[in-house]
Amino acid sequence: MKLIKSFTITRYRSLPRLLAMLCLFCSFSSLFAQNITVTGVITDANGESIIGANVTVLGTSKGVISDFNGKFSIEAPAKGTLKISYVGYHPQNVAIKSRTYLKVEMIEDAKVLDEVVVVGYGTVKKSDLTGSVSVIKTDDIKDIPATRIDQMLQGRIAGAEIVSTSGAPGAATSI
């Protein structure tokens, strides 16, 4: 009987310590769990949405791209910073400051637009481009009676051989 009584008293003396440690642990864990979901829209100077802009949390590898309407959603620290970039625009760092919605207007970088060439398999800087580049203006092909772009380009690009694979209407083209 005496043994049970001492066990009960010891158990109640350690209970306040246990509760204090539990409260302390919960308060520290909430400091680390301060991520919020940030949504927003990315536009250009004319208010047009930018499709495919890169949105990353600065200092991490976490990132998303904007959708067809220029919208994005990403989980980030409340006090963090988002880096937003897109080809032809100045990259921007936007402080979140616990905001859950951001509207970002990108600023054109005209110098970068002159240095980028769009090729059939991606984009490269002019200085890194190897091979030949041909330019065809829309005025040169707009009045051509053709139904497909490959027919419009046929015979107008130096060094490119554009040939129909058969004489049937709608046949595939080999470039």
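**A quick tour: tyrosines, a sheet and a glutamine**

Start by selecting Y86, which counts as partly exposed at 31% relative accessibility. Keep in mind as you click around that this is a predicted model.

Y89 has a relative accessibility of 15%, so it falls on the buried side of the 20% cut-off. Show both side chains: the count of aromatic pairs here comes to one. That pair is Y86 with Y89, their ring centres 5.9 Å apart and their planes at 45°, so call it tilted.

Next, switch to cartoon and look for the open sheet. Three strands make it up, in the order β4-β1-β7, and the pairing is mixed. Colour β4 (71–77) and β7 (101–105): these are the edge strands, and because each has a single partner, one side of each has no neighbour in the sheet. Looking across the strands, you'll find a twist that averages 30° from one to the next.

Zoom in on β1, residues 35–43. β1 and β4 run antiparallel, with seven bridges joining them.

Last stop: Q92, in strand β6 (residues 92–95). Is Q92 buried or exposed? With a relative accessible area of 18%, Q92 is buried. Display the side chain and draw a distance to the backbone oxygen of E105: a polar atom of Q92 sits 2.8 Å from it. Then bring up the surroundings. Leaving aside residues up to four places away in sequence, Q92 touches L82, K83 and I84, as well as V104, E105, M106 and I107.

Terms used:
Residues numbered from 1 in each chain as written. Predicted model: local features only at pLDDT ≥ 70, side-chain atom pairs only at ≥ 80, totals over all residues. Heavy atoms only, no water. Phe/Tyr/Trp six-rings, centres within 6.5 Å; stacked < 30°, edge-to-face > 60°. Buried < 20%, exposed > 50% of the residue type's maximum accessible area, 1.4 Å probe, protein only. Pairing = 2+ DSSP bridges. Helix = DSSP H or I, 4+ residues; strand = E, 2+ residues; numbered from the N terminus. Axes fitted to C-alpha atoms, helices over the stretch in contact; angles between N-to-C directions. Polar contact = N/O pair within 3.5 Å; in protein donor to acceptor, adjacent residues only side chain to side chain. Contact = heavy atoms within 4.5 Å.
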